Amino acid sequence: MSQKRSSRQARLERREQMLRRYEKNRRRNLLAKPGPHDFIIVLDHLKAGFNVPKIFRSAEAFGAHEIHLINIGPFDPATAKGAFRQVPARFFSVFADSYRYLDDQGYTLYALTPQSSCPLHEARFPAKSAFIFGHEEVGLSYDPVEYPEIQGLHIPQIGRVESLNVSIAASDVMYDYLRQGIIK
């Protein structure tokens, strides 16, 4: 019994350490400056653990303006390698709030979905583009019928897997945005 208890205690201590790191970095995030590019990444109900910090890392590398986190809980910022302190984050509880903000700011929105008919490499992005990534298992939290102006995109694949890992897909999209010549 004591081995189980110590294992459980170790997990609880690791979680507490992660939460302290998250809160410290979230406070520092308030000082983050937007990247040089006008694109925004929208993370819609992703699992907090693995992919969110990796997407911050790529967003910092590609110069994202900011990241919207919709109903995403605490995550360990360690794998972001400092990027959570560098890329501004906006926190929303529902997609509609992020959508209103982006619409008011004049952004064109794109949702990455495997069933979209437009391949990523054929899309032409305006400078103010926002890219929405949903939960890997359940997809987007909103009904696309309610937002007909959001354009769908997919990343063409040859293999049999249903989709790419969301952090890899986000990196592909950010790179394609820059590849189109919107580089500053």
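What share of the 184 residues in the protein is buried? Buried residues make up 43% of them, where buried means under 20% relative accessible area, exposed over 50% and partly exposed in between, using a 1.4 Å probe and protein chains only. Please keep in mind that this is a predicted model, in which local features need pLDDT of at least 70 and side-chain atom pairs count only at pLDDT 80 or more, while totals for chains, interfaces and linings use all residues. Residues are numbered from 1 along each chain as its sequence is written, and side-chain values use heavy atoms, with hydrogens and water left out.

**Overall build**

- The protein has five helices and six strands; these are DSSP runs numbered from the N terminus, with helices being H or I of at least four residues and strands E of at least two.
- Along the sequence, the pattern reads α-β-α-β-α-β-α-β-β-β-α.
- The radius of gyration, taken over C-alpha atoms, is 17 Å, close to the 16 Å that the globule rule gives for 184 residues, so the protein is as compact as a globular protein of that length. That rule is 2.2 Å times the number of residues to the power 0.38.
- Of the contacts (heavy atoms within 4.5 Å) with a separation of 6 or more, 75% come from residues 24 or more positions apart.

- Strand 1 runs parallel to strand 2 (residues 66–70), and five bridges join them; strands pair if DSSP finds at least two bridges between them.

**Around H154**

- H154 sits in the loop between strand 6 (151–153) and helix 5 (166–182).
- Leaving aside neighbours within four places in sequence, H154 is in contact with residues including L112, P114, S116 and C118.
- A polar atom of the H154 side chain lies 2.8 Å from the backbone oxygen of S116.

Methods:
Polar contact = N/O pair within 3.5 Å; in protein donor to acceptor, adjacent residues only side chain to side chain.
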